[in-house]
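Subject: Structure handover

Hello,

Here is the structure we talked about. Please open it alongside this note. My findings follow below.

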Amino acid sequence: MTMPYGFDTLQIHAGARPDPATGARQTPIYQTTAYVFRDADHAAALFNLQEVGYIYSRLTNPTVAVLQERIATLEGGVGAVCCSSGHAAQIMALFPLMAPGRNVVASTRLYGGTVQQFSNTIRKFGWSAKFVDFDDLDALAAAIDDDTRAVFCESIANPGGYITDLPAVAKVASAAGLPLIVDNTSATPYLCRPIEHGATLVVHSTTKYLTGNGTVTGGCVVDSGTFDWSASDKFPSLSAPEPAYHGLKFHEVLGPMAFTFHGIAVGLRDLGMTMNPQGAHYTLMGIETLSLRMERHVKNAEIVAQWLEADPRVDFVTYAGLASSPYNHRVATICPKGAGGLFTFAVKGGYDACVKFVNALEIFSHVANLGDTRSLVIHSASTTHRQLTPEQQAAAGAAPNVVRLSIGIEDVGDLIADLDQALTKAVA
Ligand SMILES: *Cc1c(COP(=O)(O)O)cnc(C)c1O
């Protein structure tokens, strides 16, 4: 399907068609590892990428392929590769670009797990990350050096108080001849379409809003198809003969699909971070209602954030959807349908009051997840960020007095009543 279908139509139909074998209207779960070749010539053509088809489910699977096309369409990209988690998607995005000694310049405002992955784990591959404040465009430009191969940020940065000026960041990356990778997990393509703002690649943790009900982990890398991998000699995996695929020049042969094909033919083949068809099925179910859920997440988040901001038991609320937020002016251009459903707030009474507050909540679940239909809460300082120093906690927006909320799609009056009773117990 092609535009000009609207978002609500595409979130249901893009990539899917009635099953050619049975007429099944819903996308079947192709629970199979391998696919029978018609004959030896067919097998050879598939392995040579001369014909597109299914070989083995570590590489491709028809259920997963529908999800890939659906997310690529919603993001306005040319292709996508799904994988086993959001963290896998980040490695899959960097893998064709990086090599030992190369670095990625990343925003300081990232999901905590990404900071960890980029600070320590990628060093085992000989890669490294330099973290800078992406509001300081001169610092961003200055951090880029001859070994930089990508620029990485989140559109609406987890935990939600910060919106990245994507066009400005894209301009700096483009001037340096580098791809911009945007993690669009918190925003989803319903609220923000990073490719329209200059992103080269978009990554997702489909675990969150895209699936939307806390059932499966998954990830996705979407390629805009617009980057010229052959403009410099910086990206030899795509522009030069690739030794990992019998010397194929991916960009020359596959054009705008080079990145996606490399991700499948080399990335999934050799790293094996594959999404399984059952997981893809749950995520396809979720995406069918993405716009409806995101509208309600945003509406509820706005009402709850305003209520908290006016409450004397609360010190401050960091939600870009509030007029008081220093990032509120970016909503209109970057995410015009709203600033998402995720934010933090500070409870008067500090660490102890936060712990009492989290324990007293009844509807909100205390979990390390976000983007569920159910409302979720986490006190980062006593959980995910407890290993960090107070200074590191504050820099990550996880100071001891701060609680993160992921606002669900329940009745907002019930959510406020729950927060109210828990705050009363917390500050008693
Ligand atoms: C959860 C999350 C990730 C990691 O995704 P997993 O599916 O948990 O591996 C990456 N980025 C953001 C913004 C996230 O919220």
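How many cavities of 30 Å³ or more does a search of the whole structure find? The answer is one. Keep in mind throughout that this is a predicted model.

**Cavity and pocket**

The largest cavity holds about 60 Å³ of space. Its lining is made up of Ser57, Arg58, Leu59, Thr60, Asn61, Val64, Ala65, Gln68, Cys82, Leu268, Thr274 and Met275. Helix α3 provides the largest share of that lining, three residues. Sorted by class, the lining has six nonpolar, five polar and one charged residues.

Next, the second largest pocket. Its volume is about 860 Å³. There are 36 lining residues, and those closest to the pocket centre are Val52, Tyr54, Thr60, Ala65 and Gln68. The top contributor is α3, with seven residues. By class, the pocket lining counts 22 nonpolar, nine polar and five charged residues.

Cysteine 82 counts as buried because its relative accessibility is 1%. Cysteine 153 is in no disulfide either; the nearest cysteine sulfur, in cysteine 192, is 9.4 Å away. Cysteine 153 has 0% relative accessibility and therefore counts as buried.

**Aromatic rings**

The search of the whole structure gives 13 aromatic pairs. One of them joins tyrosine 35 and tyrosine 54, with 5.4 Å between centres and 40 degrees between planes, a tilted pair. This pair links distant parts of the chain, 19 residues apart. Tyrosine 35 is in the loop between α1 (7-13) and α2 (40-47), and tyrosine 54 is in the loop between α2 and α3 (62-75). Are the two partners buried or exposed? Tyrosine 35 has 15% relative accessibility, so it counts as buried. Tyrosine 54, at 31%, counts as partly exposed. Tyr54 is also among the residues closest to the centre of the second largest pocket.

A further pair is formed by tyrosine 162 and tyrosine 327. Why is this pair edge-to-face? The planes are at 65 degrees, with the ring centres 4.6 Å apart, so the pair falls in that class; the threshold is over 60 degrees. The partners lie 165 residues apart in the chain. Tyrosine 162 belongs to strand β6 (residues 162-163), while tyrosine 327 sits in the loop between β10 (314-318) and α14 (331-334). Both tyrosine 162 and tyrosine 327 are buried.

There is also an aromatic cluster, formed by Phe227, Trp229, Phe235 and Phe259.

**Charges over rings**

Two lysines to check. Lysine 208 has its charged end over the ring of tyrosine 111, 4.9 Å from the ring centre. Lysine 337 places its charged end over the ring of tyrosine 190, at 4.5 Å from the centre.

Best wishes

Technical notes:
Residues are numbered from 1 along each chain as its sequence is written. This is a predicted model: local features need pLDDT of at least 70, side-chain atom pairs count only at pLDDT 80 or more; totals for chains, interfaces and linings use all residues. Side-chain values use heavy atoms; hydrogens and water are left out. Rings of Phe, Tyr and Trp (its six-membered ring) pair if their centres lie within 6.5 Å; planes under 30 degrees apart count as stacked, over 60 as edge-to-face and the rest as tilted. Helices (H or I, at least four residues) and strands (E, at least two) are DSSP runs, numbered from the N terminus. Buried means under 20% relative accessible area, exposed over 50%, partly exposed in between (1.4 Å probe, protein chains only). A charge sits over a ring if NZ of Lys or CZ of Arg is within 6 Å of the ring centre and within 35 degrees of the ring normal. On a 1 Å grid over the protein atoms alone, a cavity is a set of points where a 1.4 Å probe fits but cannot get out, and a pocket is an open set with protein on both sides within 12 Å along at least five of seven lines; lining residues have an atom within 4 Å of a point. Grid points are joined across faces, edges and corners, and a volume is the space filled by probe spheres set on the points. Ala, Val, Leu, Ile, Met, Phe, Trp, Tyr, Cys and Pro count as nonpolar, Asp, Glu, Lys and Arg as charged, and the others, Gly among them, as polar. A disulfide is a pair of cysteine sulfur atoms within 2.5 Å.
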